[in-house]
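Open the model in your viewer and keep the sequence panel beside it. Each stop below says what to select and what is there.

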Amino acid sequence: MNLFKTLTRGAPLALALLIAGCGKTTPEDIQAWKASGKSAKLIKATEDPRQFIRVDAIDALGAIKAKDAIGPLAALFADRDQVVVHKAIEAVAAIGSPSAEEPMLRAIRFDTMPARLAAATALGDLKSQKATEPLMAALADKHEDVAIAAAGALGKIGDPKAIPALAKTAKKGSVRSRFARLDAIIQIGGQE
């Protein structure tokens, strides 16, 4: 009888715990929402307290190129978790919509190299005329990969204002770096 009382008293608590556990987002949920293009559910999952769920949701939003997620993803650029910040920047870059331009213009000035690298590449892919000045500044980045990405982006954008900055730095850095600047000048073309 004591065992029966113990089991029946604990049953409501066990049921409540079971139900509470069922409401948590799982990696399988993320994959299902990604497969069916449910961006609203994925956006909501970026608010989950668990980093791995947030990162999976962010990656999924980038993979499905969810244009409606650019605002919520850009808001994550201010997150305390740097992994989340970098994943959000990469996802916005992957979406590649014109509305990604403003968030990428912010990211090109971030302190971390992965943020600047992703932003430089995305701004070139977007052919952002607003990015010419920040990308010219990025030619002097202490990380060579960022400077190379900035040169490539300037070449894609094709703004002749970038030629003097590219020419000035064309003899600096590694062969790869110099080639990227010269290639950008060639892409821009013109009399220069």
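**Ground rules**

This is a predicted model, in which local features need pLDDT of at least 70 and side-chain atom pairs count only at pLDDT 80 or more, while totals for chains, interfaces and linings use all residues. Residues are numbered from 1 along each chain as its sequence is written, and side-chain values use heavy atoms, with hydrogens and water left out.

**Stop 1: the whole chain**

Show the cartoon. The chain has 12 helices and 0 strands. Helices (H or I, at least four residues) and strands (E, at least two) are DSSP runs, numbered from the N terminus. In sequence order the pattern reads α-α-α-α-α-α-α-α-α-α-α-α.

Switch to a surface. Of the 192 residues, 42% count as buried. Buried means under 20% relative accessible area, exposed means over 50%, and partly exposed is in between (1.4 Å probe, protein chains only).

Among contacts between residues at least 6 apart in sequence, 59% join residues at least 24 apart.

**Stop 2: colour by confidence**

Colour by pLDDT, the predictor's confidence in each residue, from 0 to 100. The chain averages 89, and 86% of the residues score at least 70. Where does confidence reach its lowest and its highest mean? Helix α1 (residues 2–22) is lowest, at a mean of 48. Helix α4 (residues 51–63) is highest, at 98.

Select residues 13–21. Here the pLDDT is below 50, and beyond near neighbours in sequence the stretch has 0 contacts in the model. Where pLDDT is low, the predicted coordinates should not be read in detail.

**Stop 3: α8 against α10**

Select helix α8 (residues 113–125) and helix α10 (residues 144–157). They pack at an angle of about 15°, with axes 7 Å apart. Axes are lines fitted to C-alpha atoms, for helices over the stretch in contact, and angles run from 0 to 180 degrees between N-to-C directions. The two helices are therefore roughly parallel. The cut-offs are under 35 degrees for roughly parallel, over 145 for roughly antiparallel, 65 to 115 for roughly perpendicular, and oblique for the rest.

Show the side chains at the contact. From α8, pick Met 113, Arg 116, Leu 117, Ala 120, Thr 121, Leu 123, Gly 124 and Asp 125. From α10, pick Asp 145, Val 146, Ala 149, Ala 150, Ala 153, Lys 156 and Ile 157. By class, this contact has 9 nonpolar, 2 polar and 4 charged residues. Ala, Val, Leu, Ile, Met, Phe, Trp, Tyr, Cys and Pro count as nonpolar, Asp, Glu, Lys and Arg as charged, and the others, Gly among them, as polar.

**Stop 4: α6 against α8**

The axes of α6 and α8 come within 9 Å and cross at roughly 5°. That makes α6 roughly parallel to α8. The contact uses His 86, Ile 89 and Ala 93 of α6, with Pro 114, Ala 115, Ala 118 and Ala 122 of α8. By class, it has 6 nonpolar, 1 polar and no charged residues.

**Stop 5**

Select Thr 132, in helix α9. Is Thr 132 buried or exposed? Thr 132 is buried, with a relative accessible area of 1%. Leaving out residues up to four places away in sequence, Thr 132 touches Leu 154, Ile 157, Asp 159, Lys 161 and Ala 162.

Move to Asp 159, in the loop between α10 and α11 (163–169). Asp 159 counts as buried at 10% relative accessibility. Draw a distance from Asp 159 to Gln 187: their C-alpha atoms are separated by 9.9 Å, and they are 28 residues apart along the chain.

**Stop 6: two positive phi angles**

Most residues other than glycine have a negative phi. Select Lys 65, in the loop between α4 and α5 (70–75). Lys 65 has a positive phi of about 55° and is partly exposed, at 43% relative accessible area.

Then select Lys 127, in the loop between α8 and α9 (132–138). Lys 127 has a positive phi of about 55° and is partly exposed, at 48%.

**Last stop: Ala 35**

Finish in helix α2 (residues 27–36), at Ala 35. Ala 35 is exposed, with a relative accessible area of 70%. Ala 63 is 28 residues from Ala 35 in sequence and 10.0 Å away in space, C-alpha to C-alpha.

Definitions and conventions:
Contact = heavy atoms within 4.5 Å.
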